[in-house]
Amino acid sequence: MSPITPRSSPESQLLIQALSPSRQSPLLGLVKRIADAGCNLVDSRVASIGTNTSLMLLASGSWDGLAKLESALSKLNREDGLHLSYYRTEPYQNEEQRLPYIVEVVAADRPGILVRILDFFVQRGVLIDQLNSMRYQAMQTGADMFQAQLTIGVPAQTHIAHLREDFQEMCDGQNFDAILDPVKF
């Protein structure tokens, strides 16, 4: 067995965003182009939103591999029904210890709910890592409802009990039903 040798040049990354009608999801085509260029898929997010599919893909590879991928994406971008953008980025550098927490909020739908939630965390230096929200009708009553689930990164020096207490107080004042719990793997 031969020893693993470190790569001589650092890998670069390419962030790819695509929007298309749901019936024409470009996921397979994009993943094939990433592999054909000799690159790796590092991270991906795929979501159906309304009648469309939204994709965010992060590819990594050598400089020339990413150049080959960019060329393939440029050709793909000219196809009808696909909105594609991409740009080079750097690998994530964790500069500060952050604790992963999950936030779930349910409330009667009205404008500004998400603004209040996001503002609460941003004012306290908490990063929003992931966000999923939707509007729906309650099965039993037909009331318009709002639901959000966030994964957040809380700075390690933050006093969690105070953060949780302040968050619960804000939610109670706005008539939101909410929880803030650590992410459990």
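The legends below describe close-up views of charged side chains in a predicted model. Residues are numbered from 1 along each chain as its sequence is written, and side-chain values use heavy atoms, with hydrogens and water left out. Local features need pLDDT of at least 70 and side-chain atom pairs count only at pLDDT 80 or more, whereas totals for chains, interfaces and linings use all residues.

**View 1. Salt bridge between Glu70 and Arg88.** The two side chains meet at 3.1 Å, N to O; a salt bridge is a side-chain nitrogen of Lys or Arg within 4 Å of a carboxyl oxygen of Asp or Glu. Glu70 lies in helix α2 (residues 63-77) and Arg88 in strand β4 (residues 83-89), so the pair ties together parts 18 residues apart in sequence. Helices (H or I, at least four residues) and strands (E, at least two) are DSSP runs, numbered from the N terminus.

**View 2. Network of salt bridges linking Asp109, Arg135 and Asp144.** Arg135 meets Asp109 at 2.5 Å, N to O, and Asp144 at 2.8 Å, N to O. Arg135 is exposed, with a relative accessible area of 53%, while Asp144 is partly exposed at 33%. Buried means under 20% relative accessible area, exposed over 50%, and partly exposed in between (1.4 Å probe, protein chains only).

**View 3. Negative surface patch of Glu165, Asp166, Glu169, Asp172 and Asp177.** Patches are made of residues with over 30% relative accessible area and no salt bridge, like charges being joined within 9 Å and nonpolar side chains (Val, Leu, Ile, Met, Phe, Trp, Tyr) within 5 Å. Helix α4 (residues 160-174) supplies the largest share, four residues. Asp177 is in strand β8 (residues 177-182).

Conventions
Accessible areas come from the Shrake-Rupley method with a 1.4 Å probe; for residues, only the protein chains shown count as cover. Lys and Arg count as positive and Asp and Glu as negative; His and the chain ends are not counted. The place of a charge is taken as NZ of Lys, CZ of Arg, CG of Asp or CD of Glu.
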